[in-house]
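This report describes one protein model for a reader who has not seen it before. Please look over the sequence and the structure first.

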Amino acid sequence: MKKFTIKQWPEDDRPREKLLKRGPGVLTDAELLAILIGCGTTKESAVHLAQRILASVKNNLNTLGKLSVKELKKDFMGIGTVKAITILAALELGKRHIRSEALPKNKIKTSGEAFHYFYPWMSDLPHEEVWVAFVNQAGTVKEKLKVSQGGITNTAVDIRLILKAAVDFLASGIILCHNYPSGNLKPSP
């Protein structure tokens, strides 16, 4: 059975051509990933390979971003070191894009805003961390600081270091943020 390559697809269906004609927003996650992959294998196209990769993480790009180069290479024929690095670099660039959008506003008034402020730094971590934002009276972030990094199941925080930093930054308030890699939403004691 002969391989049906992307070059044999109708031009309007090819990911690169589709992006050029209609913009990146119309492409599926698999098509965007296929562009990063570049070419498939003798057995499957880059799009089919991308679909398999995404299916393995239940189509969750955050989960994909947590994979290592070694895992991508081991689990997917056609993904070598360079392609794995390209995928992970693109996902990191996406996170940094979100961060750069969050920074100019730099104001936190609600818990939802705190979540969106810290999410790009903490969403894909495989370990627990605690961050603090030091804010002025208007809720503008004066400084943010990682105060603890732990393991998979816990981390310790010394409140004295947080209070000292709050005084040093002349903060009117502090916003504490802690992640759980497990996704458990119930806070620990």
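## Nonpolar cores

Leaving out residues up to four places away in sequence, Ile87 touches Leu33, Leu36, Ile37, Leu64, Leu72 and Ile79; contact here means heavy atoms within 4.5 Å. The model is a predicted one: local features need pLDDT of at least 70, side-chain atom pairs count only at pLDDT 80 or more, and totals for chains, interfaces and linings use all residues. Residues are numbered from 1 along each chain as its sequence is written, and side-chain values use heavy atoms, with hydrogens and water left out.

The largest nonpolar core has 19 residues, and those touching the most other members are Leu33, Ile37, Ile53, Leu64, Leu72, Ile79 and Ile87. Two or more residues of this core come from each of helix H2 (29-37), H3 and helix H6 (81-105). H3 gives the largest share, six residues. Another core lies apart from it and holds 13 residues, among them Ala114, Tyr117, Met122 and Leu125. A nonpolar core is a set of buried Ala, Val, Leu, Ile, Met, Phe, Trp, Tyr and Cys residues joined through side-chain atoms within 4.5 Å. Buried means under 20% relative accessible area, exposed means over 50%, and partly exposed is in between (1.4 Å probe, protein chains only). In soluble globular proteins, nonpolar side chains tend to be buried together.

## Overall build

The protein has eight helices and three strands. Along the sequence they follow the pattern α-α-α-α-α-α-α-β-β-α-β. Helices (H or I, at least four residues) and strands (E, at least two) are DSSP runs, numbered from the N terminus.

The C-alpha trace spans about 70 × 35 × 25 Å along its principal axes. The radius of gyration is 21 Å, whereas a compact globule of 189 residues would have one near 16 Å. This radius is taken over C-alpha atoms, and the globule rule is 2.2 Å times the number of residues to the power 0.38. Of the 189 residues, 33% are buried. Among contacts between residues at least 6 apart in sequence, 48% join residues at least 24 apart.

## Salt bridges

Side chains of opposite charge can pair when their charged atoms come close. A salt bridge is a side-chain nitrogen of Lys or Arg within 4 Å of a carboxyl oxygen of Asp or Glu, and by this rule the count is nine. In the bridge between Lys18 and Glu31, the closest N and O atoms are 2.8 Å apart. This pair links distant parts of the chain, with Lys18 in helix H1 (residues 15-22) and Glu31 in helix H2, 13 residues apart. Both Lys18 and Glu31 are buried.

Glu17 forms a salt bridge with Arg14, with 3.8 Å between the closest N and O atoms. Glu17 is partly exposed at 24% relative accessibility, while Arg14 is buried at 19%. In helix H6, Arg96 and Glu92 are separated by about one helical turn because they are four residues apart. Their side chains meet in a salt bridge (3.0 Å, N to O). Salt bridges that share partners join Glu92, Lys95 and Arg96 into one network.

## Loops

Most residues other than glycine have a negative phi. Asn59, although not a glycine, has a positive phi of about 60°. Asn59 lies in the loop between helix H3 (46-56) and helix H4 (61-66), and counts as exposed because its relative accessibility is 52%. Leu170 is not a glycine either, and has a positive phi of about 55°. The loop between helix H8 (159-168) and strand S3 (173-178) holds Leu170, which is exposed at 67% relative accessible area.

Which residues does Lys109 contact, leaving aside its neighbours within four places in sequence? They are Gln137, Ala138 and Gly139. Lys109 sits in the loop between H6 and helix H7 (111-122). Lys109 and Gly139 are 30 residues apart in sequence, and their C-alpha atoms are 5.8 Å apart in space. At 56% relative accessibility, Lys109 is exposed.

## Surface

The protein exposes about 12100 Å², of which carbon and sulfur atoms supply 60%. Accessible areas come from the Shrake-Rupley method with a 1.4 Å probe; for residues, only the protein chains shown count as cover.

Ile159, Leu163 and Ile174 make a nonpolar surface patch of about 270 Å². Patches are made of residues with over 30% relative accessible area and no salt bridge; like charges are joined within 9 Å, and nonpolar side chains (Val, Leu, Ile, Met, Phe, Trp, Tyr) within 5 Å. Ile174 is in strand S3 and is partly exposed, with a relative accessible area of 40%.
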